[in-house]
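Hi there,

Here is the structure I promised to pass on to you. Have a look at it first, and then read on for what turned up.

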Amino acid sequence: MQVFACISFLVVDAVFKALADGTRRKLLDRLRDRNGQTLGELCDGIAMARQSTTQHLDVLEQANLVSTVRRGRQKLHYLNPVPLHEIQERWIDNFEVPRLRALSAVRRRAEDAMTDKPSFVYVTYIQSTPERVWDALTDADLTAQYWGHRNVSDWRVGSRWDHVRTDGSGISDGGGEVVVSDRPRALQLTWETSTVRFDIEPYGEIVRLTVTHDDLAGDADREGAAAGWAAVLSNLKSLLETGRPLPQAPWEMASARRGT
């Protein structure tokens, strides 16, 4: 527990250090206004050399405030709301203070829609192995524990997968086709009319899990993706790191806040 506490404090320190610089806050503002920009686009309008901008982006990425996705030769930068969400939960929600508008804006606009760019990118770090993370995404019994649905498939490329309720009814609440199945590195699925990709990268004793959700239809779907993935992946992280999911289903809290 002391090790986890130490890691947590180091992560928080990195976030506050990153936010302390005005230029880095300006870069985050630019990504909030239009997510998924290249280095050249971010440099446009900032009186700073590309090398200096790159150094600022490296600090933001190390603090997990910015995540990157490669599309061909381009490296696209995305605002990652996870650290801000965790700060909100620790220092704001616990004292029942209304959420700050700035944080709400980050969560609403973290997945700004662009024609040829991912609609939503979510990055989280888990103390686990790539194999365990892969199994947690594809094992029906494990998904039932942290997702509330059984993800059922043989996970071969071209196979059908279904998001099946755990109430014994056998009803599928969606699904699609397995597009990429590269255990334990990458899994890509169609989900109705959208596409979801999971990239699993090991680093020592931790794993970086990146979820890219493409082809979302509109603002409502993007809002749902932002809230949904935050809840599901927080539960997944808890299950893998502690052996049990969170004591309450986090998506129920999100629904209660929306008044639904």
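In helix H2 of this predicted model, the buried residues to look for are Arg24, Leu27, Leu28 and Leu31. They sit on the same side of H2, because the arc they cover around the axis is only 100°. The helix itself runs over residues 22–33, 12 residues in total. From its first C-alpha to its last, H2 reaches 16 Å, close to the 16 Å expected at 1.5 Å a residue. While you are there, look at the start of H2: a side-chain oxygen of Asp21 comes to within 2.9 Å of the backbone nitrogen of Thr23.

Next, please turn to the aromatic residues. How many aromatic pairs does a search of the whole structure find? There are 8. One of them joins Trp147 and Trp191: the ring centres are 6.0 Å apart and the planes meet at 55°, so this pair counts as tilted. The two residues come from distant parts of the chain, 44 residues apart, with Trp147 in the loop between helix H8 (140–146) and strand E4 (149–152) and Trp191 in strand E7 (residues 186–191). Are they buried or exposed? Trp147 has a relative accessible area of 9% and Trp191 has 18%; buried means under 20%, so Trp147 is buried and Trp191 is buried too.

Trp147 has another partner, Trp229. Here the ring centres lie 5.7 Å apart with the planes at 65°, so the pair is edge-to-face. This pair also links distant parts of the chain, since Trp229 belongs to helix H9 and is 82 residues away from Trp147. Like Trp147, Trp229 is buried.

Helix H9 deserves a look of its own. Just after H9, Gly243 has a positive phi of about 90°.

H9 provides the largest share of the lining, 6 residues.

Enjoy exploring!

Best wishes

Conventions
Residues are numbered from 1 along each chain as its sequence is written. This is a predicted model: local features need pLDDT of at least 70, side-chain atom pairs count only at pLDDT 80 or more; totals for chains, interfaces and linings use all residues. Side-chain values use heavy atoms; hydrogens and water are left out. Helices (H or I, at least four residues) and strands (E, at least two) are DSSP runs, numbered from the N terminus. The expected span of a helix is 1.5 Å times one less than its number of residues. Buried means under 20% relative accessible area, exposed over 50%, partly exposed in between (1.4 Å probe, protein chains only). The arc is that of the directions from the helix axis to the C-beta atoms. A polar contact is a pair of N or O atoms within 3.5 Å; within protein, one must be able to donate a hydrogen and the other to accept it, and residues adjacent in sequence count only if both atoms are side-chain atoms. Rings of Phe, Tyr and Trp (its six-membered ring) pair if their centres lie within 6.5 Å; planes under 30 degrees apart count as stacked, over 60 as edge-to-face and the rest as tilted.
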